[in-house]
Amino acid sequence: MSENEISALRAGGEFKPGAQSTIVAPTDETQMPHIPEELPILPMRGFVVFPGTVVPLNVQRAASLKLLDETLPRTKVIGLVTQRDETKEDPAPQDLYPIGTAALVLKLLRQSDDHVVVITQGLRRFSLRKIVATSPFLRAEVDLPKSISPPESKEWEATFRNLRDSATKLFELTPDAPEQVRLMILNINNAEQLADFLAPNLNIDVGEKQALLEELDVEKRVRALQKHNSAQLEIAEIQQRLQKDVASQFSDAQRRAYLRSQIKAIQRELGEAEAGSEEQAQQLRERLEEANPPEEVMKQAERELKRLDFIPPASPEFSVIVSYIEIIADLPWNKLSKDKLDLDQAQRILDRDHYDLEKVKKRLIEYLAVRKLNPQGHGAILCFLGPPGVGKTSLGQSIADALGRKFVRISLGGMRDEAEIRGHRRTYIGSMPGRIIQELRRCGTRNPVFMLDEIDKIGADFRGDPASALLEVLDPRQNHAFVDRYLDVPFDLSQVIFIGTANYIEGIPEPLRDRIEVISIPGYTEREKLEIAKRYLVPRQLEENGLKPEQCVWEDDALRRVINDYTHEAGVRELERQIGAICRGIASQVARGKTEHVTVTPDVVREMLGPAKYVRETKLKTSKPGVVTGLAYTPQGGEVLHIEATRYPGKGNITLTGHIGEVMKESVQAALSLLRSRDGQLGVNSEDFRKMDIHVHVPAGAVPKDGPSAGIAMFTALASLFTNKPVRPDVAMTGEITLRGLVLPIGGLKEKSLAAMRAGISTVIIPKLNEKDLVDVPEEVKQKIKFVPVENVDEVLAVALERNGAPSAPENKSA
């Protein structure tokens, strides 16, 4: 195919024929479709159609589309004439060659409203006699000249055979030429048909092809073709000889480069190559060299880059490989943040960002001190454990600020797919690395502070167990060669400081718990919340709502009102929301010009937020047999539970209500069994257990409750009920019991003691084994509450029951 044809196509030509032109069987003039004397003229640019060939045409010009729409319903014969200047979009009659080819439209394929493909078959030459119309398309009267065939002679036969043989040899030397073309040439016995078949397939310009079309003398046409064919045959033979000579001198690298260029040339011819693909591959190589990954990683990346040379850019696999190389080039293989191990500065940052939490801060400073003395050491994996809103995530940010490292956070809550950690294998489009590698790519350093939020809420299903995948990430002995399935090469995670957060220790799988050091961050007291609000929450909300400090002044009593009546949490998240709601109301008044200064008092809080949202459980106002104050631990902090027990005539059955869990139900059964085993010591009539039904209820029935720490409260309630001795209203208790009457330790002592203080309790009974945990209880609580450690239930009853029994109540009435 000629360069002119290719360039014409790229410039917007209707179509390129070349090797796609095919010869058809000779047509007898009596069988040929009638060619009228007046034909619609379809201008063509960049190529010439010869009689006897079938050619597809891309029609996009408005006049040409109009020609097809109006002509084809009446006749399938049109005139194809090549224009002299292929750049002209709307050629005039003088811009056309005088001779064209009448063609039969075999098929029309409408690609869109402005794009039609027609399959045409060249019939015979015609000459333009007179232009009869130029709008909306060209129409002309035509003459049908006849070709002049030479007389039969041996010389003519030799000329014809010479042309056929040289054409066959040329096609044999043409790389990848179809075999059927050579066979077709050998089977053509008519000189005019052979000339019309070879002419469009020769690599000559449009003007020379038009000259062959205009030549009516078949002998002259054949000799002209022979001249062109011989010249191209000589060039092909020289090219083949040069290729053989040069091939022996090529090195392996040169041969690969040559073959690669040939492949790309072929792809360009087929329309499979995209501009810029070579530049893209070169840019990827440069980015890889700049990233400087380890040798093993570089080898893998080079293998993938070499595959790009053989894959068309339109292939989906091409984009998959490009994405893979880009991720490898973007990863921080050698980029590290420089640590700022100034412990005094770290202490100031922690004090600046967090109030109190002295025990937590002390442990963090120790952690940073170890990093300072042994930078290459593998420190413990810290996990902050506590209720929502106590500052676990912000502590991680403070550690990053203190070290001068970048901070990365991902939430693991609800994660069920193992591939979120290990990555997806590159076996399908859309696969991607795991979250660990993705976040490292985004932050741009290999040693950030990496926060793994909510590790107690990781799930597991048929897609795998993400918690098990985290074992490799968090194990200092393994994570120096962490292999993400997408990358399929090791990445060093040993310099990353991983910090986890959780609300429940029970939700963390045991193998994962074994790899972390838990730092408990319990809830805040009212005093601590008040200080946090004054130092952090109020200034932040004033700034976010566009208020100046002098425009909104908060009284301490107003903050206490918000803390006690409008929040119910261990942290301060809801407290900040309520403070923000009041600040927005004041901002609205200031913006409207109604006021310039507001002092927030308890009355203003009630006006802005409405009636109190939460009414906390307080200590019992009166004492009755069977009613006990227990203590519980929830994600929102400690809570006070009033456990009620009553009895009535029946058959010794027990009813449990209040949305209590299985463990708490078992505590009731254990308490009842323990009471029956000690009925003689307590002065209880054993017949009552057979004749009376028991009902134990824990109020706030819509709230789930569970856990073993209500054991002594259940036992005390039943003992008080059957001995008819009230429990002191200022006493609360927590502890697990055994059937031998021992009191076992519990957790969450600080949170429970805070709840007791809020409720006005003055005495709290705790297990003897929890006496060591009193060091964690705030001093403020110790000053207001007397803690009584006990070892068995006898000591519990001695403290809890009033010494003078209350008068007996009717047995069918609630106690």
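Buried means under 20% relative accessible area, exposed over 50% and partly exposed in between, using a 1.4 Å probe and protein chains only. This is a predicted model, where local features need pLDDT of at least 70, side-chain atom pairs count only at pLDDT 80 or more, and totals for chains, interfaces and linings use all residues. Residues are numbered from 1 along each chain as its sequence is written, and side-chain values use heavy atoms, leaving out hydrogens and water.

Let's start with the charged pairs. The whole structure holds 54 salt bridges, each a side-chain nitrogen of Lys or Arg within 4 Å of a carboxyl oxygen of Asp or Glu.

| Salt bridge | Closest N to O | Accessibility |
|---|---|---|
| Lys361 and Asp351 | 3.0 Å | Lys361 3%, Asp351 36% |
| Glu366 and Lys362 | 2.8 Å | Glu366 34%, Lys362 53% |

Arg125, Glu192, Asp196 and Arg221 join in a salt-bridge network.

Now to the interior. The largest nonpolar core has 54 residues, with Trp554, Ile579 and Val600 touching the most other members; such a core is a set of buried Ala, Val, Leu, Ile, Met, Phe, Trp, Tyr and Cys residues joined through side-chain atoms within 4.5 Å. Cys583 is buried at 0% relative accessibility. Its sulfur is 4.7 Å from the closest cysteine sulfur, in Cys552, too far for a bond, since a disulfide needs two cysteine sulfur atoms within 2.5 Å.
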